[in-house]
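Please keep the sequence and the structure in view while reading.

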Amino acid sequence: MKSVWISVDMEGIGGVATWSHVMMTGVEYERARTWMAQEANACIEGAADAGASRFCVNDSHGNMHNIYADEIDPRAELLVGTAKPWYMGEGIDGGYDTCFFVGYHGRAGHPKAILDHTYASRAIYECRLDGRPVGETTLNAYLGGYFGASLSLVAGDGATCREARDLVPGVVTVQTKEAHGRFSAKVRHPSRAQDALRKGAAAAIDAAARLKPLVPRGKHEIDLAFLTSAMADMAELVPGSRRSGARAVAYAARDYLELYKALLAMVRLAPTAVPPEQ
Ligand SMILES: [Zn+2]
């Protein structure tokens with residue numbers, strides 16, 4: 001019997017293509033937040049059919065209270081609310097066997113990814129891990145690995161699915177759309193995306209028997225480029241960080257949880273520099 005921790009972001013949900021779907025206000029957002037719950041539920045149904053028995057859904061978008069508690073499958077616990085100390089990774093330390101990332105999107109600076117960003121579009125220009133530009137999929141997968149959970153399913157746009165397969169060969173991916181630009185995509189009908197997720201989640205539970213957790217070994221360095229130098233000034237307040245450029249701050253650690261916490265601290269500090277200088 002497997003236990004599953006499911007992180008649900010919004011930009012990569014089937015049907016979503018523009019800021020108005022994800023900005024936490026308005027009629028389009030109200031519609032899209034229901035699709036979020038439906039995709040999570042499709043995963044729970046598929047995984048339960050394949051034998052999984054314990055589920056935690058971490059609402060991982062924006063202010064992190066998008067999913068209505070009465071819309072989620074009652075078999076799951078829901079982590080919802082602002083502010084979560086570990087943000088998209090909240091609850092991942094709860095002893096789960098495997099992780100699903102649903103509604104995920106491409107990294108900040110990807111040339112063809114829907115609503116591309118990494119953690120904070122109003123602060124982060126690019127995030128590098130050991131010199132390589134990475135997105136939330138990679139950063140969160142290593143956090144799961146740190147706590148002994150494999151990554152067995154990733155759903156989102158094409159860029160996200162490719163990032164996941166490069167990172168974890170054998171991971172099940174469910175593509176919900178292909179970006180035509182940052183604010184446009186050819187989207188699958190939400191019901192089709194949910195059908196694919198039901199099947200994908202069942203396949204992921206089988207795959208989880210073979211997949212090893214992505215354990216972060218040795219020393220790793222995160223290098224964050226911000227939109228302005230003032231944001232880097234604020235991020236540099238994190239003890240142990242290093243100013244790696246006019247707009248960039250780096251942090252290195254052997255312990256990946258320490259690295260992740262430094263990343264989150266910088267992500268939260270940097271926007272306090274706004275309004276930007278003229
Ligand atoms: Zn995101």
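What is the volume of the second largest pocket? The second largest pocket has a volume of about 200 Å³.

## Basis

This is a predicted model, in which local features need pLDDT of at least 70, side-chain atom pairs count only at pLDDT 80 or more, and totals for chains, interfaces and linings use all residues. Residues are numbered from 1 along each chain as its sequence is written, and side-chain values use heavy atoms, with hydrogens and water left out.

## Pockets

A pocket is found on a 1 Å grid over the protein atoms alone, as an open set of points where a 1.4 Å probe fits, with protein on both sides within 12 Å along at least five of seven lines; lining residues have an atom within 4 Å of a point. A volume is the space filled by probe spheres set on the points.

The second largest pocket has 13 lining residues, with Arg-107, Arg-132, Pro-133, Glu-163 and Asp-166 nearest its centre. Two or more lining residues come from each of β6 (132–133) and α4 (158–167), and α4 provides the largest share, five residues. Helices (H or I, at least four residues) and strands (E, at least two) are DSSP runs, numbered from the N terminus.

The largest pocket has a volume of about 580 Å³. Its lining comprises 26 residues, and Gly-62, Tyr-87, Tyr-119, Ala-120 and Arg-122 lie nearest the centre. Helix α7 gives the most to this lining, with three residues.

## Zinc site

Asp-9 (OD), His-105 (NE2) and Glu-136 (OE) coordinate the zinc ion at 2.0 to 2.3 Å. Donors are N, O and S atoms within 2.8 Å of the metal (3.2 Å for Na, K and Ca); water is not among the atoms, so sites may look incomplete.

The donor spacing in sequence is D-x95-H-x30-E. His-105 sits in the loop between β4 (98–104) and β5 (124–129), and Glu-136 in helix α3 (residues 136–146), 31 residues apart. Both His-105 and Glu-136 are buried, that is, under 20% relative accessible area, with exposed over 50% and partly exposed in between (1.4 Å probe, protein chains only).

## Backbone geometry

Most residues other than glycine have a negative phi, and most peptide bonds are trans. The bond from Thr-82 to Ala-83 is cis, with omega near -10°; Ala-83 lies in the loop between β3 (76–79) and β4.

Leu-115 has a positive phi, near 45°, and lies in the loop between β4 and β5. Leu-115 counts as buried because its relative accessibility is 0%. Asp-130, in the loop between β5 and β6, has a positive phi of about 50°. With 43% relative accessibility, Asp-130 counts as partly exposed.
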